[in-house]
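Let's take a walk through a protein chain together, from its overall layout to a few side-chain details. Have your viewer at hand as you read.

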Amino acid sequence: MFTVSRLCSLLLTLALASCVSPGTSATRQEKAQRLSHDLQRLSPTVSAREADLLASTAIEESAKLSENFKPFIHPWMNNGLVNIGMRKRGLCYQWRDDLFPFLFRLNLKTLELHLSSSKRDTWQEHHGIIVTAKGQRFEDGLVIDPWRNGGRLWWGLLKNDKGHPWVPLPWKLTPMVLRPLLMPDLYPSH
C-alpha cells in the first residue's frame, strides 16, 4: 500500500526524469540552420543574413529561457506548477513575451514579427510568435513557439499547425511588458 510519502517520492522522481534539456551547442546550431532555411523559404525577398540572425537568436534565447524556467517535457505539467504557485513563471505567454524583445531588437527589414494567440479565452489558449516575410499575409507565416517543447524551439508553417488556429493578437491586448517596444510613442521607456 502506497503511503503519501511514497506517492510524493514517485511523483518527484517522474517529474525530475521528465525535465527538458535545451540540447548541446552543436545541436542548437544545426536547428538554427534548419530554421533559417525555413525562414528563407517564406519568400525570395527574405535576407539570408536576417534569417540566420533571427534563427540563431530564437534558438539560443529559447535555450536560455529553458534554463531559467526549468520546464518539463509536457508543457501542461509546467503550467500546473505555475498555476498552483510552485513555480513563478513558465506559461506560454511568458515564454513568448520573454523571447519577443530579443527578436524585435534585431531590427529586421525583410521579416516581420507578429504576436499571436490561439483559442483565446478558452482553457486551451496558447500564445506564440508568427514570422512572415515583409508584407506577406499572416496566414502564410511561420509559427515559432518556445513553450511547446520546453525551450527547444518548435516552429512550423502556420497553415500546418492544425491544433492551433492562430490569429494576430489585437493591439489592445498587447502585453504591457511589450508596449514600450511596439508603441514607443504611447509607452516611452524610462
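The paragraphs below move from the fold to the core and then to the aromatic rings.

A word on the ground rules: this is a predicted model, in which local features need pLDDT of at least 70 and side-chain atom pairs count only at pLDDT 80 or more, while totals for chains, interfaces and linings use all residues. Residues are numbered from 1 along each chain as its sequence is written, and side-chain values use heavy atoms, with hydrogens and water left out.

Six helices and five strands make up the elements of the chain; these are DSSP runs (helices H or I, at least four residues; strands E, at least two), numbered from the N terminus. Their order, starting at the N terminus, is α-α-α-α-α-β-β-β-β-β-α. Of the 190 residues, 46% are buried, where buried means under 20% relative accessible area with a 1.4 Å probe, protein chains only. Taking contacts (heavy atoms within 4.5 Å) between residues at least 6 apart in sequence, 55% join residues at least 24 apart.

Now look inside. In soluble globular proteins, nonpolar side chains tend to be buried together. Here the largest nonpolar core has 33 residues; such a core is a set of buried Ala, Val, Leu, Ile, Met, Phe, Trp, Tyr and Cys residues joined through side-chain atoms within 4.5 Å. Helices α2 (25-40), α3 and α5 and strands β1 (111-118), β2 (126-133) and β3 (142-145) each supply at least two of its residues, and the largest share, seven residues, comes from α3. Another core lies apart from this one, with five residues that include F138, V143, L158 and W166. Back in the largest core, L35, L39, L54 and L103 have the most contacts inside it. Leaving aside residues up to four places away in sequence, L35 touches A55, A58, I59, L142, I144, L153 and W155.

Finally, the rings. Two aromatic pairs turn up in a search of the whole structure; rings of Phe, Tyr and Trp (its six-membered ring) pair if their centres lie within 6.5 Å, and planes under 30 degrees apart count as stacked, over 60 as edge-to-face and the rest as tilted. F69 and W95 have ring centres 4.8 Å apart and planes at 65°, so they form an edge-to-face pair. Because F69 lies in helix α3 (residues 48-69) and W95 in helix α5 (residues 92-104), the pair ties together parts 26 residues apart in sequence. F69 is buried at 6% relative accessibility, and W95 is buried at 0%.

Terms used:
Buried means under 20% relative accessible area, exposed over 50%, partly exposed in between (1.4 Å probe, protein chains only).
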